[in-house]
Amino acid sequence: MGTYCTFDGCQSIEKIIVPDTVTEIGHRMFALCSSLKSIEFPQGITKFNAYAMTGCKSLENLIIPESVTTIDKEAFSSMESITTVTIPASVTSIGDSAFLKCKNLTSVYCERVTPPALLGKWVFMRDKQGNAYYPMNGKIYVPSGSEGAYQKATNWSVYSNIITGYNIE
């Protein structure tokens, strides 16, 4: 499996099982796979590169493996059907606009106690009108006791009014 644009624009593909040998989801690897409804990633994936899954409008369930440390810019942008995503504690950085235009995203669970670096203010913006962006409708859940750290962290402060604590089980 290549690392660059492997399935970019494959509009008829509905299900993918990524082999265990893959450690990164490459630039635009699954971009614009608009009929994709199911994808399974192995543990061992460490990075989702830029635009890796942008425009996968039919995918409703996104499970990010616990081995992932980096989510690049717009990796999951314009995934209009996802409503919930869990960002594992292993993730240390999230690129700008990573979840931009995920219009139905209402719950983000960040499992890391220390806020991962947000590499821009538009990570969780749901829509754009002109030059104005609108934050997601919903909540960003962080481990109880770490709400203040998230609310003060660079670029997380944009979302301070929707950050709330929860108990990780």
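Trp-156 is buried, at 0% relative accessibility. The model is predicted, and Trp-156 belongs to a cluster of residues linked by ring pairs. In total, the structure holds 11 aromatic pairs.

**Phe-99 and Phe-124**

- The ring centres of Phe-99 and Phe-124 are 5.6 Å apart and the planes meet at 15 degrees, so the pair is stacked; the cut-off for stacking is under 30 degrees.
- Phe-99 sits in the loop between strand S8 (93-95) and strand S9 (107-110), and Phe-124 in the loop between strand S10 (117-119) and strand S11 (125-129).
- The pair therefore ties together parts that are 25 residues apart in sequence.
- Phe-99 is buried, with a relative accessible area of 1%, and Phe-124 is also buried, at 1% relative accessibility.

**Tyr-150 and Trp-156**

- Tyr-150 and Trp-156 form an edge-to-face pair, because their planes stand at 80 degrees, with ring centres 4.8 Å apart; the cut-off for edge-to-face is over 60 degrees.
- Tyr-150 counts as buried, at 0% relative accessibility, and Trp-156 is likewise buried at 0%.

**Strand pairing around S9**

- Strand S7 (residues 84-87) pairs with S9 in the parallel sense, over 4 bridges.
- Within this pairing, Thr-86 has Tyr-109 in S9 as its bridge partner.
- S9 also pairs with strand S13 (residues 139-143), in the parallel sense and over 3 bridges.
- Here Val-108 has Ile-140 in S13 as its bridge partner.

Definitions and conventions. Residues are numbered from 1 along each chain as its sequence is written. This is a predicted model: local features need pLDDT of at least 70, side-chain atom pairs count only at pLDDT 80 or more; totals for chains, interfaces and linings use all residues. Side-chain values use heavy atoms; hydrogens and water are left out. Rings of Phe, Tyr and Trp (its six-membered ring) pair if their centres lie within 6.5 Å; planes under 30 degrees apart count as stacked, over 60 as edge-to-face and the rest as tilted. Helices (H or I, at least four residues) and strands (E, at least two) are DSSP runs, numbered from the N terminus. Buried means under 20% relative accessible area, exposed over 50%, partly exposed in between (1.4 Å probe, protein chains only). Two strands pair if DSSP finds at least two bridges between them.
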